[in-house]
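Work through the exercises below with the sequence and the coordinates at hand, and compare each step with the solution that follows it.

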Amino acid sequence: VKLVYRDAIRNAQVFFLDRIAADSKVLILGGGSGWLLEELSKINTDVTVVYVEASKVMLTKAKKYANLPFTDIRFVHGTEKDIEGEQFDFVITPFVLDVLPSIEMLEMVNSIKKLMFPDGLWLCVDFNLFDRSIKARLLSFTMIYFFRVVSGLKTKELLDYFGAIKQVGGETITHQYFYNKFIKAELFRVK
């Protein structure tokens, strides 16, 4: 993946981290190996972080960042369903929604919305469905096929995750494209 996208995936994930206000409670959902925690700590340590990861292997890797100087940091093995009842000022979903089939993705979006304080911010970073260039379609097909074979990915196509967030009350504040618009970081305010 890094061979194809170079640094675009990482650059997209950190692009709007400076929008996290001090004293925020931040949810990172599906952050993988945890490198994003280190990047966040370079910008804002005056936050409480809940790091939720479904993969035990990735969560173990992420825990090496447990001593970063955040106000507090907690690691949770599971999904958004394992933290029901909590609320967050800022949610980050880095390349999480693209791994789910349509119904599960819509359920996850609804569950995440319930975890947010009113007027909370949601940073969704993912592949951009609406880049329909030949290159983007070829990359999309190749990427999905590769991950279906290698990791048992369930989805067969990229979905409109950004549109799903808008359906639950997300209003776009700003967005930025990467890798010839194939990757998008979009910051929403969720009512």
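**Exercise 1.** Determine how many aromatic pairs the structure holds, and classify the geometry of the pair formed by Phe15 and Phe16.

*Solution.* In this predicted model, the structure holds six aromatic pairs. For Phe15 and Phe16, the ring centres are 4.9 Å apart and the planes make an angle of 90°; because planes over 60 degrees apart count as edge-to-face, this pair is assigned to that class. Finally, Phe15 and Phe16 belong to one aromatic cluster together with Phe178.

**Exercise 2.** Describe the pair formed by Phe127 and Phe182, and explain why the pair ties together parts that are apart in sequence.

*Solution.* The centres of Phe127 and Phe182 lie 5.3 Å apart, and with 45° between the planes the pair is tilted. Phe127 lies in strand 5 (residues 116-127), while Phe182 lies in the loop between strand 6 (170-178) and strand 7 (183-190), so the pair links parts that are 55 residues apart in sequence. Both Phe127 and Phe182 are buried.

**Exercise 3.** Find which ring faces Lys25 and Lys181 lie over.

*Solution.* Lys25 lies over the face of Phe88, at 4.9 Å from the ring centre, and Lys181 lies over the face of Tyr177, at 5.3 Å from the ring centre.

**Exercise 4.** Decide whether Gln13 is buried or exposed.

*Solution.* Gln13, which lies in helix 2 (residues 8-14), has a relative accessible area of 6% and is therefore buried. Beyond its neighbours within four places in sequence, Gln13 is in contact with residues including Trp35, Phe95 and Val125.

Conventions:
Residues numbered from 1 in each chain as written. Predicted model: local features only at pLDDT ≥ 70, side-chain atom pairs only at ≥ 80, totals over all residues. Heavy atoms only, no water. Helix = DSSP H or I, 4+ residues; strand = E, 2+ residues; numbered from the N terminus. Buried < 20%, exposed > 50% of the residue type's maximum accessible area, 1.4 Å probe, protein only. Contact = heavy atoms within 4.5 Å. Phe/Tyr/Trp six-rings, centres within 6.5 Å; stacked < 30°, edge-to-face > 60°. Lys NZ or Arg CZ within 6 Å of the ring centre and 35° of its normal.
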